[in-house]
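Subject: Handover of the model, with notes

Dear colleague,

I am passing on the structure that we spoke about, and my notes follow below it. Please read them with the structure open beside you.

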Amino acid sequence: MAALNVELVSAERQVWAGGASQLRVRTTEGDIGVLPGHEPFLAVLVDGEVRIEATEGESLTATIGGGFLSVDHDRAVVVAEDVDVQGAAGSASR
Amino acid sequence: MAGQQRVYKQRIGSTKSMQQIFRAMELIATSRIAKARAAVTASTPYARAITRAVSAVATYSDADHALTTERAEVRRSAVLVVTSDRGMAGAYSASVLREAERLVARLREEGREPVLYVVGRKGIAYYRFRRRDVAQEWSGFSESPSFDDAREIGEALVEQFVRSSSPEDGGEPGVDEIHVVSTSFISMVTQEPQVNRLLPLEVVEGVEPPSADELLPLYDFEPSPEDVLDALLPRYITSRVHNALLQAAASEHAARQRAMKTAGDNAEDLVKMYTRLANQARQAEITQEITEIVGGADALAASSPS
């Protein structure tokens, strides 16, 4: 199965980028999961968690303070102004 | 005679100490350029993602948004001028201000009233000295602007824009378009003052505008295209302002580095010149002393009766 190409971007830097099998975010309408092959999509995100199931290495959970998500041709970009990463990947990037 | 020598020595001393200051400032600027450029690079993914998203909404939906549509009549135009807080950067602030003046003159010709927004102490001082009205001013962060600074400016500008300038709304008039005058960092040796129009948007970067017979990819918007635009556009403006501030900061450091290098080189030339003059003065003094001694001896020899 094709992997989803995920980028997690904050205002001042790129926090995470890589392949993922699933991405979960919270939009203004509620939680949404994005799998590879998702239709083109643009959504406004509210404060909440972003969970990225990475295909390689550890999965990532981050808390964001508002932002938006765009999905286009298996390329998902989560853009947020404040990103706080938890877990192993977080210590490396913050 | 000894006085002249002393004066030259003093000049050499003061020029040398100035040269040290120039050297130190040059080194500081050099080290900060790298940091400022890294900040520009780090903010690029965010700017690119936002630009792409805004282009997608603008291209793939028929949402008519206040921020994207051209106003029928443009009465007031906001001009954001990005200058530095400190001087010692050659013509950096002066060239931005010159470009801003040109833009203001052009807007006046077109019958629009320019409204000034100024970043940086140099620009604020420039307009205050000329008793020009400045709508809002910010200072204190020109060397290392943070995202929060950009957000503050972006929010102020968007708020003015949303208000619009039509008098029938009553209250304070807003603005119909927003221009930014700042310095773009092209390379270490080239930085150019530039005028960009932020609003109304003229984006669509990287996304091909679809031809009429082509089916649009079904973009899904949540909650709705209008709401997505509502949320996106202030962020887009902030990101553009942030980028402009960061590039201006990098340009400022580069300009300062160059100015300080030139000043240091000039100081070196001055020291060389003063050293020569001091040597000359010393030689002249010695020659004169010898002449006096010889003259004295001759006079003694001539006067002795032997």
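Two strands are said to pair if DSSP finds at least two bridges between them, and helices (H or I, at least four residues) and strands (E, at least two) are themselves DSSP runs, numbered from the N terminus. This is a predicted model, in which local features need pLDDT of at least 70 and side-chain atom pairs count only at pLDDT 80 or more, while totals for chains, interfaces and linings use all residues. Residues are numbered from 1 along each chain as its sequence is written, and chains are lettered from A and ligands numbered from 1 in the order in which they are written.

The sheet of chain B

Chain B holds five helices and six strands, and from the N terminus on its elements run α-β-α-β-α-β-α-β-β-β-α. Five strands of this chain make an open sheet with mixed pairing, in the order β3-β2-β1-β4-β5. The edges are taken by β3 (136–138) and β5 of chain B, each with a single partner strand, so one side of each is left without a neighbour in the sheet.

Within the sheet, β2(B) and β3(B) run parallel and are joined by three bridges, with Glu137(B) in β3(B) as the bridge partner of Val118(B). The pairing of β1(B) with β4(B) is also parallel, over five bridges, and there Leu80(B) stands opposite Val180(B) of β4(B). By contrast, β4(B) and β5(B) (residues 191–199) pair in the antiparallel sense over eight bridges, forming a hairpin with five residues between the two strands; in β5(B), Gln194(B) is the bridge partner of Ser182(B).

A residue counts as buried if 20 or more other C-beta atoms lie within 10 Å of its own, as exposed if 12 or fewer do, and as partly exposed in between, with C-beta atoms placed from the backbone. On that basis 34% of the 306 residues of chain B are buried. Eight of the nine residues of β4(B) (177–185) are buried, so this strand is largely enclosed by the rest of the structure.

In helix α3(B) (residues 121–129), the buried residues are Lys122(B), Gly123(B) and Tyr126(B). Seen down the axis of α3(B), they fall within an arc of 95° (taken from the directions from the helix axis to the C-beta atoms), so they line one face of the helix. Their cover includes β1 (76–82), α2 (92–109) and β2 (113–119) of chain B.

Where the two chains meet

With two residues in contact if their C-beta atoms, placed from the backbone, lie within 7 Å, the contact takes 22 residues from chain B and 20 residues from chain A. On the side of chain B that touches chain A, α1(B) gives the most, with nine residues. Strand β4(A) (residues 41–45) and β6(B) pair in the parallel sense over three bridges, and Phe41(A) stands opposite Asp220(B) in β6(B).

With best wishes
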